[in-house]
Every structure is written in structure tokens, then in C-alpha cells.
Amino acid sequence: MIYLIITTCINNKFGIQNYEHRKNLYLYSIRKTLEYIPKDIKVIIVENNGKRTTYLDDLGVDVHYTTNNSNTYFHKGINELQDIHSVIQSYNIQDDDIIIKMTGRYHLNNYIIILNINGINELQD
């Protein structure tokens, strides 16, 4: 199985703290990316500020909430890695599954990379 994990942090601790800008960027980027994702790829958004209702719930894909943004480390990437690990555990992702990780503030411009990854997966089956 192929999983696309889209990482988000609605209430970020690093960088510019502009809620509306971040919200609009996430919504635009995730919607744009979803246009290119085939149905056989499982999309999971992970958000790390605790379980609650957010605008991410309205995007039509699974949203996995963690509390990892409350942890303080020397690098914010550790929080993100913990988010991905949480998704792997919660969804029982296996060693032979493929994970594509994407930051929710970026988006795909086309589907070529997805076709290539999907083709690699079919060759391995």
C-alpha cells in the first residue's frame, strides 16, 4: 500500500505566526495536491496540536491528531518525525508499504512523481 502523509502544524511555534495566512496556504496546497492523488493511495493529514475539530477535517481525507507540538527539542524536525511515527503506528503501516511524506504548505504541480512511485510499487508486487 502507498500512503501520502501530509504534515501540518496549525499553531506553529517557529517562524511567522500568521494564522489566516497559514490556514489559507494549507487549504490551497492540500486541495491542489489532492487533485493529483489516485484513489489507491491512502492520504493521511497529521496535525500536531491536539485532537479537536479543525478546517482540516473538511478536506475529505483522514486527519490524525497528535500533541507533539507541545514537545520542545533542539530542532522542529523531531516533532515532525514523531508525528510520522504516530501515523505509522496508528495505521499499522508495514515495512513493505511505501510512505510519501509531504509538508502541507507545499503542493504538487503535476502527477508525474505519483505515477512513478505507483509504477515502482506495481513492479514490486
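Two strands pair if DSSP finds at least two bridges between them. Helices (H or I, at least four residues) and strands (E, at least two) are themselves DSSP runs, numbered from the N terminus. In this structure, Leu4 has Ile100 of β4 as its bridge partner. Strand β1 (residues 2-8) and β4 run parallel and are joined by 6 bridges.

The model is predicted: local features need pLDDT of at least 70, and side-chain atom pairs count only at pLDDT 80 or more, while totals for chains, interfaces and linings use all residues. Residues are numbered from 1 along each chain as its sequence is written, and side-chain values use heavy atoms, with hydrogens and water left out.

**Confidence**

The predictor's confidence in each residue, from 0 to 100, is called pLDDT. For the protein chain the mean pLDDT is 87, and 84% of its residues reach 70 or more. Among the elements of the chain, β3 has the highest mean pLDDT (98), and helix α3 (residues 112-124) has the lowest (59). Where pLDDT is low, the predicted coordinates should not be read in detail.

**The sheet**

The order β3-β2-β1-β4 describes an open sheet of 4 strands with parallel pairing. Strands β3 and β4 stand at the edges with a single partner strand each, so one side of each has no neighbour in the sheet. From one strand to the next, the twist averages 25°; axes here are lines fitted to C-alpha atoms, for helices over the stretch in contact, and angles run from 0 to 180 degrees between N-to-C directions.

**Salt bridges**

A salt bridge is a side-chain nitrogen of Lys or Arg within 4 Å of a carboxyl oxygen of Asp or Glu. The whole structure holds 4 salt bridges, and the table lists some of them, including the pair Asp62 and Lys42.

| Residues | N to O distance |
|---|---|
| Glu35 and Lys32 | 3.8 Å |
| Asp62 and Lys42 | 2.9 Å |
| Lys101 and Glu80 | 3.0 Å |

Glu35 is exposed at 56%, whereas Lys32 is partly exposed at 23%. Asp62 is partly exposed at 28%, and Lys42 is partly exposed at 26%. Lys101 is partly exposed at 35%, and Glu80 is partly exposed at 26%.

**Aromatic rings**

Rings of Phe, Tyr and Trp (its six-membered ring) pair if their centres lie within 6.5 Å; planes under 30 degrees apart count as stacked, over 60 as edge-to-face and the rest as tilted. The structure holds 1 aromatic pair. Its rings belong to Tyr19 and Tyr55, with centres 6.4 Å apart and planes at 75°, so the pair is edge-to-face. Tyr19 lies in helix α1 (residues 19-34) and Tyr55 in the loop between β2 (41-47) and β3 (62-65), so the pair ties together parts that are 36 residues apart in sequence. Tyr19 is partly exposed, with a relative accessible area of 39%, but Tyr55 is buried, at 10%.

A charge sits over a ring if NZ of Lys or CZ of Arg is within 6 Å of the ring centre and within 35 degrees of the ring normal. Arg105 lies over the face of Tyr106, 5.9 Å from the ring centre.

Conventions: Buried means under 20% relative accessible area, exposed over 50%, partly exposed in between (1.4 Å probe, protein chains only).
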